[in-house]
Amino acid sequence: MLSRAQALKLVDVHLAGSAVADHSIFVGDLMALLADLVRQDALLWQVTGYCHDLDILVTADTPSLHGPTAAQWLQGRLPPDALAAIAAHDHRSDIVAETALADGLKLADALAVFDLGVSRGVALQLRSSSAKVLVDRYLPPKPWLGTMIDGLSQSLGLSRLNLADCLDRLPRQR
Ligand SMILES: [Fe+2]
Ligand SMILES: [Fe+2]
């Protein structure tokens, strides 16, 4: 399996200096924290998060290939459940994966977009409000994020407090 350093190198090669590189690192680091809470393999979750958007620049015109392309590139370098999670993380691929890892990736991806779209102060209000309430109030252009965050955290057995505590431990994305 790819090491953490090898995965970060791939982010650099494919996404160098872009906002997606920063997003990918945030998603991976968030997944490592989430994995600890749900007693899963933190290194596998982190590396999967780092690599989940590697193909985003080359699939800009073919969104249904965003995810499957990166999964193909990573064949043999990540275990099958990680490849499936990456292939399925964007609904436009029409690929479904329902493991904890796949849910963790979708959750971390949604939380990263939420955290970037609102202030950190608002994100930390997850301690007292549902994501749906916060997204409806502070991020109306992306109404799907709230239901996604609430639903996926529930299916993983994570509380809103857990989510806020994880976000609180990470630096803001650029
Ligand atoms: Fe993506
Ligand atoms: Fe992403």
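Reader: What makes Arg39 count as exposed?

Author: A residue is exposed if 12 or fewer other C-beta atoms, placed from the backbone, lie within 10 Å of its own, buried if 20 or more do, and partly exposed in between. Arg39 has 9 C-beta neighbours inside 10 Å, so Arg39 counts as exposed. Please keep in mind that this is a predicted model, in which local features need pLDDT of at least 70 and side-chain atom pairs count only at pLDDT 80 or more, while totals for chains, interfaces and linings use all residues. Residues are numbered from 1 along each chain as its sequence is written, and chains are lettered from A and ligands numbered from 1 in the order in which they are written.

Reader: Where does Arg39 lie, and what is its phi?

Author: Arg39 sits in the loop between α2 and α3; helices here are DSSP runs (H or I, at least four residues), numbered from the N terminus. Its phi is positive, about 55°, although Arg39 is not a glycine. For background, most residues other than glycine have a negative phi.

Reader: What is the phi of Asp94, and is Asp94 buried or exposed?

Author: Asp94 also has a positive phi, near 60°, and is a residue other than glycine. You will find Asp94 in the loop between α5 and α6. With 10 other C-beta atoms within 10 Å, Asp94 is exposed.

Reader: Why is Ile95 called partly exposed?

Author: Ile95 has 18 other C-beta atoms within 10 Å, so Ile95 is partly exposed. Ile95 lies in the loop between α5 and α6. Not counting residues up to four places away in sequence, Ile95 touches Gly67, Pro68, Ala87 and Ala88; such a contact needs C-beta atoms, placed from the backbone, within 7 Å.

Reader: How do you know that Leu163 is buried?

Author: There are 28 other C-beta atoms within 10 Å of Leu163, so Leu163 is buried. Leu163 belongs to helix α10. Leaving aside neighbours within four places in sequence, Leu163 is in contact with Leu111, Leu126, Ser153 and Leu158.

Reader: What makes α2 oblique to α6?

Author: The axes of helix α2 (residues 19-37) and helix α6 (residues 100-117) come within 9 Å and cross at roughly 125°. That makes α2 oblique to α6, as angles under 35 degrees count as roughly parallel, over 145 as roughly antiparallel, 65 to 115 as roughly perpendicular and the rest as oblique. The axes are lines fitted to C-alpha atoms over the stretch in contact, with angles from 0 to 180 degrees between N-to-C directions.

Reader: Which residues of α2 and α6 meet?

Author: From α2 come His23, Phe26, Val27, Leu30, Met31, Leu34 and Ala35, and from α6 come Gly104, Leu105, Leu107, Ala108, Asp109, Leu111 and Ala112. By class, this contact of α2 with α6 has 11 nonpolar, two polar and one charged residues. Here Ala, Val, Leu, Ile, Met, Phe, Trp, Tyr, Cys and Pro count as nonpolar, Asp, Glu, Lys and Arg as charged, and the others, Gly among them, as polar.

Reader: How do you know that the span of α2 agrees with what it should be?

Author: The expected span is 1.5 Å times one less than the number of residues. For the 19 residues of α2 that should be 27 Å, and the end C-alpha atoms are 27 Å apart, which agrees.

Reader: What do the buried residues of α2 pack against?

Author: They pack against α1 (4-15), α3 (42-51), α6 and α10 (160-168). Among these buried residues are His23, Phe26, Leu30 and Leu34.

Notes
Helices (H or I, at least four residues) and strands (E, at least two) are DSSP runs, numbered from the N terminus. Two residues are in contact if their C-beta atoms, placed from the backbone, lie within 7 Å.
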